[in-house]
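Please read the points below with the structure open beside you. They are meant for a colleague who has not looked at it before.

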Amino acid sequence: MSVLKINGTEKVFDSGLPATLAALLEQLDVNAETVVAEVDGRIVERSEFEKTELHSGQAIELVRFVPGG
Amino acid sequence: MNEFYEKLKKATVGIAGLGGLGSTVAVALARTNISSLVIADFDTIEKSNLNRQQYFINQLGEYKTDAMIKNLKQINPQVKVEGYKQKLTAGNIPEIFADADIIAECFDRAEQKKMLVETVLAKMERPVVVTVSGLAGYGRSNEIVTRRISNRLIVIGDGESGTDLDMPLTAGRVWLAASHQANAIVEILVDEIIK
């Protein structure tokens with residue numbers, strides 16, 4: 001079974017994990033330009049989203065930014 | 001109690017952006033007697049800023065950085081303030097905030113917020129970053145929360161209320177988020193960073 005812990009909640013992927021972080025964001029409909037991503041506590045820079053492969057059991061934190069300050 | 005104030009005498013905090021969040025965080029930290037602030041904003045004060053930002057009518061047109069240095073001196077002349085009037089980029093952030101123990105992300109645009117947080121976490125070894133997402137509108141005070149995402153990342157806000165949803169920025173709600181920031185900064189400095 002393919003599972004990712006996304007923002008603390010386990011999400012099961014019945015038809016397999018998205019191959020990369022970029023693919024996961026696309027599947028979740030998250031804009032890559034306004035999100036900060038950590039995989040297992042490690043920051044992943046925007047330029048690495050396409051290259052970062054995902055594995056079952058990983059903990060992913062996605063911080064989405066909305067404007068205002 | 002003494003130990004608390006002694007620790008703050010050794011602390012340096014960076015503030016990226018001096019709008020509603022940044023100007024309010026700066027005022028709160030100066031009043032808390034933080035030793036040293038590094039503040040940065042390239043913008044000047046406009047009339048529309050005065051509904052929530054810590055400036056005055058006679059400062060319209062001044063650089064926010066210059067005006068804030070003056071205002072902080074009036075509040076607490078003991079605080080050392082270093083000001084930068086250039087636009088913050090992934091290239092200059094590590095240098096400008098090199099001495100910071102902790103950095104407050106106080107930008108307006110979502111892309112800029114992301115850029116700062118990513119730069120601090122990826123290009124700098126030490127500082128914690130306290131960022132905000134979701135503070136627009138009014139009411140719903142208790143939806144603004146402080147969350148520890150990881151060792152060096154704290155996120156404040158409701159995560160959803162952006163100005164892109166045609167919500168106004170109101171002093172009360174912006175200051176709530178800024179107060180969460182200032183409060184988290186003091187907590188992390190005293191309990192974790194300063195020995």
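The notes that follow take up the pockets and then the contacts made by aromatic rings.

1. This is a predicted model, and its largest pocket has a volume of about 490 Å³. Of the 24 residues lining the largest pocket, those nearest its centre are Leu62(A), Val63(A) and Arg64(A), together with Gly159(B) and Glu160(B).

2. Three strands each give at least two residues to the lining of the largest pocket, namely β5 (59-64) of chain A and, from chain B, β6 (145-150) and β7 (153-157). By residue type, the lining of this pocket consists of twelve nonpolar, six polar and six charged residues.

3. The second largest pocket has a volume of about 350 Å³. It is lined by 22 residues, and closest to its centre lie Asp41(B), Phe42(B), Asp43(B), Phe107(B) and Asp108(B). The lining of the second largest pocket divides into seven nonpolar, eight polar and seven charged residues.

4. Over all chains, the count of aromatic pairs comes to one. In this pair, the ring centres of Phe4(B) and Tyr5(B) are 5.0 Å apart and the ring planes stand at 85°, so the arrangement is edge-to-face, given that planes over 60 degrees apart are classed in that way.

5. In chain A, Lys11(A) lies over the face of Phe13(A), at 5.3 Å from the centre of the ring.

Technical notes. Residues are numbered from 1 along each chain as its sequence is written. Chains are lettered from A and ligands numbered from 1 in the order in which they are written. This is a predicted model: local features need pLDDT of at least 70, side-chain atom pairs count only at pLDDT 80 or more; totals for chains, interfaces and linings use all residues. Side-chain values use heavy atoms; hydrogens and water are left out. On a 1 Å grid over the protein atoms alone, a cavity is a set of points where a 1.4 Å probe fits but cannot get out, and a pocket is an open set with protein on both sides within 12 Å along at least five of seven lines; lining residues have an atom within 4 Å of a point. Grid points are joined across faces, edges and corners, and a volume is the space filled by probe spheres set on the points. Helices (H or I, at least four residues) and strands (E, at least two) are DSSP runs, numbered from the N terminus. Ala, Val, Leu, Ile, Met, Phe, Trp, Tyr, Cys and Pro count as nonpolar, Asp, Glu, Lys and Arg as charged, and the others, Gly among them, as polar. Rings of Phe, Tyr and Trp (its six-membered ring) pair if their centres lie within 6.5 Å; planes under 30 degrees apart count as stacked, over 60 as edge-to-face and the rest as tilted. A charge sits over a ring if NZ of Lys or CZ of Arg is within 6 Å of the ring centre and within 35 degrees of the ring normal.
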